[in-house]
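The exercises below ask you to work through charged pairs and a domain contact, step by step. Please look at the sequence and the structure first, and then try each task before reading its solution.

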Amino acid sequence: MKITIQRENLLKPLQLVCGVVERKQTLPILSNILVRAGKQGLSLTATDLEIEMVTNTPFDGSSAAETTLPARKFLDICRTLPEQAQIDLTIDGERAVIRSGKSRFTLATLPASDFPNIGSFQEIAGFSIAQNTLKRLIDRTHFAMAQQDIRYYLNGLLLELSPGRVRAVATDGHRLALCDASAEVEINETLQIIVPRKGVHELTRLLEDSDRPVRIHLGSNHIRLSSPDMSFTSKLIDGRFPDYQRVVPEGGDKIVIADKETLKQALIRASILSNEKYRSVRFLFTEGKLRIFAHNPEQEEAEEEVAVDYSGEKLEIGFNVNYVVDALSAVTTPQVRLILSDANSCCLIQAADGENCKYVVMPMRL
Amino acid sequence: MNEFLPWHAEPWRMLIERLRQGRLPHALLLCGPEGIGKDHFARLLVQTMLCETPRPDDGQPCGICRGCLLNAAGSHPDSRVVGLLEDKKIIGVDQIRELREYLGLKSHYAGHRTVIISPAEKMNTQAANSLLKTLEEPPARSLLILVASHPGQLPATVRSRCQRVTFSLPSSDTAQRWLSEQTGPHQDPALLLSLAGGAPLAALEIARSGKMDQRLALFEDFEKLACGQCSPVALAGAWLKFETQETLYWMRDWLTDMIRLKSATQPPTLINPDVRQRLQNMAAMLDLKTLYQHLDRVTEAARLATGQINAQLLMEDVLIAWQAHLPGKGKIPRHG
């Protein structure tokens with residue numbers, strides 16, 4: 001197999017796939033990338049067994065062939081070659097030779113058949129969605145995912161597909177984030193999948209801030225994002241997501257409208273003197289006014305007062321300040337609405353005008 | 001070796017039958033003496049579960065499909081093997097926690113997901129407890145295979161959550177026939193098997209690793225020591241280059257044989273028939289009680305050698321005691 005390619009054409013896809021290769025590997029083959037040359041072009045694949053990245057690049061070359069090359073070394077060689085250099089890659093048995101100008105490198109290969117790439121899978125559903133819509137969906141919810149929780153199904157983001165709608169839900173058991181977006185989902189009944197943490201972070205990295213559509217393919221075990229020149233696949237979490245609908249409080253009668261930024265800044269200031277472990281902050285709602293109290297084991301105290309639009313009876317409630325700040329940061333409108341019922345019930349945080357994102361924070365007993 | 005071993009035919013047939021009916025349990029505990037191929041059996045079972053086209057007659061893996069190729073390369077994403085890490089004597093809790101992450105995700109090729117834990121009895125308490133959660137709520141289409149030569153050392157909570165498959169030693173005919181196929185004509189299969197306690201894979205290991213020569217060299221040293229021709233401390237130092245536990249096991253076998261020679265009225269069956277006369281000579285110098293005392297000492301030392309102990313001091317202790325027992329030195333009076 002002989003491939004000739006311009007350095008710049010190879011470098012970008014190579015950097016993209018090498019991002020998936022983990023530095024510490026238990027299986028030697030996973031530090032390699034799968035290189036395939038064929039009629040469709042040059043395809044590069046890297047995986048860490050949880051996520052997989054494939055790129056396609058056109059090239060000038062002869063035969064169809066495949067092999068695997070050490071990812072890091074291959075990338076470093078291409079990266080350090082001079083700009084506009086022509087790269088010749090020749091695979092000869094167990095060795096691969098890279099030539100460019102007066103440089104020559106011989107790399108060790110491993111057989112392509114040893115490479116555990118996912119390849120094609122049976123698609124059970126799919127949809128097209130604008131890239132920025134999907135990105136926003138993830139950005140507004142992903143912070144609520146659990147981290148290394150024993151309930152492994154919480155260590156990911158739930159994507160719920162129903163006709164015409166995609167919903168993202170994340171929870172760690174203390175707070176929950178939910179966001180809806182409309183999309184052309186060709187599906188008859190609701191489908192739930194859980195994308196693991198790592199896959200979620202890769203997705204946000206890949207999605208651009210444009211309204212160009214992107215195609216999402218779902219298999220029973222995988223989610224794949226594909227465009228003509230690359231495809232990203234993540235395994236799914238094997239588990240059932242808890243019934244989140246029951247967590248979202250309904251019928252809260254105490255409605256507070258506040259200026260988001262003012263409230264957030266007040267909370268951030270108050271949090272400086274809250275207990276470092278529990279992060280507890282006391283909220284006291286009275287007519288038109290919210291007072292925030294925090295204190296720590298050293299008996300230091302913080303007190304803040306924020307003007308809010310509230311006309312109910314007095315309510316005192318405690319929260320983990322980080323959870324409230326996270327939720328407020330995800331709200332995009334200047335005004336935010338907090339819906340409460342009593343000191344032992346969840347608080348629902350929403351944008352003052354929109355209904356498509358909901359944040360639920362559990363109260364703390366003070 | 002891509003086939004099941006001849007003496008595994010029965011458990012193989014049973015498990016393949018259950019696999020085909022979809023009635024395989026979530027966890028198997030393979031137990032039986034060491035060196036009879038339990039690990040091989042576990043790997044073959046995993047390979048056939050991940051094979052795309054297993055052979056229709058006996059359910060063995062085809063060896064040519066993608067699953068089999070990946071398995072052969074050791075890179076199948078739906079198979080995990082947890083064993084002792086280099087320089088470690090136990091399986092730690094981190095190794096088991098990683099499994100939870102692996103089993104939390106769906107399978108790579110939409111088939112089964114498998115885990116082999118071998119030797120399972122080397123899990124420490126934390127690791128075993130951490131495994132319980134997985135054993136209690138295994139994800140669908142997953143199989144955990146625990147391989148243990150000493151299942152009694154596993155916590156009862158783990159044992160009770162696995163289905164046990166017990167392997168026994170093959171008949172000596174079967175074992176000898178298989179062994180001579182593997183080793184070729186230059187080895188004595190009967191002797192190898194006898195040294196390995198009847199376990200064919202252990203016997204093969206002895207034949208292939210050149211331990212036969214090592215054993216004879218050790219025996220010669222042992223004889224020299226018995227005749228007072230070398231010092232026990234020097235010998236203990238020289239023997240450090242061999243695996244302590246194994247050396248102690250050889251010694252245990254020689255002592256056992258000497259006891260047999262001394263107590264039997266008819267020529268007894270020996271573990272080391274090739275050095276019968278030399279053992280007889282040595283045994284003649286000692287009495288039965290001393291031999292038994294020393295056997296106890298060596299057995300205890302072999303047990304200690306599994307833990308954290310200074311190998312040189314342990315060996316010195318054993319050898320000094322052995323020499324002290326010998327009449328040639330005259331340090332202690334002969335018993336009885």
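**Exercise 1.** Decide whether B:Glu220 counts as buried, partly exposed or exposed, and find what it pairs with.

*Solution.* In this predicted model, B:Glu220 has a relative accessibility of 42%. The next step is its partner, B:Arg278, with which it forms a salt bridge whose closest N and O atoms are 3.7 Å apart. Because B:Arg278 lies in helix α13 (residues 276-284) of chain B and B:Glu220 in helix α10 (residues 211-226) of chain B, the pair ties together parts that are 58 residues apart in sequence. B:Arg278, at 28% relative accessibility, is partly exposed as well.

**Exercise 2.** Work out how far apart along the helix A:Asp76 and A:Arg79 are.

*Solution.* Both residues belong to helix α2 (residues 71-80) of chain A, and because they are three residues apart there, about one helical turn separates them.

**Exercise 3.** Describe the interface of domain 2 of chain B and domain 3 of chain B.

*Solution.* Begin with the contacts: nine residues of domain 2 of chain B touch eleven residues of domain 3 of chain B. The two domains bury about 760 Å² between them, 64% of it on carbon and sulfur atoms. Finally, one salt bridge is found across this interface, along with four residue pairs in polar contact.

Key. Residues are numbered from 1 along each chain as its sequence is written. Chains are lettered from A and ligands numbered from 1 in the order in which they are written. This is a predicted model: local features need pLDDT of at least 70, side-chain atom pairs count only at pLDDT 80 or more; totals for chains, interfaces and linings use all residues. Side-chain values use heavy atoms; hydrogens and water are left out. Contact means heavy atoms within 4.5 Å. Buried area is the accessible area (1.4 Å probe) that two parts lose on being put together, summed over both. A salt bridge is a side-chain nitrogen of Lys or Arg within 4 Å of a carboxyl oxygen of Asp or Glu. A polar contact is a pair of N or O atoms within 3.5 Å; within protein, one must be able to donate a hydrogen and the other to accept it, and residues adjacent in sequence count only if both atoms are side-chain atoms. Helices (H or I, at least four residues) and strands (E, at least two) are DSSP runs, numbered from the N terminus. Buried means under 20% relative accessible area, exposed over 50%, partly exposed in between (1.4 Å probe, protein chains only).
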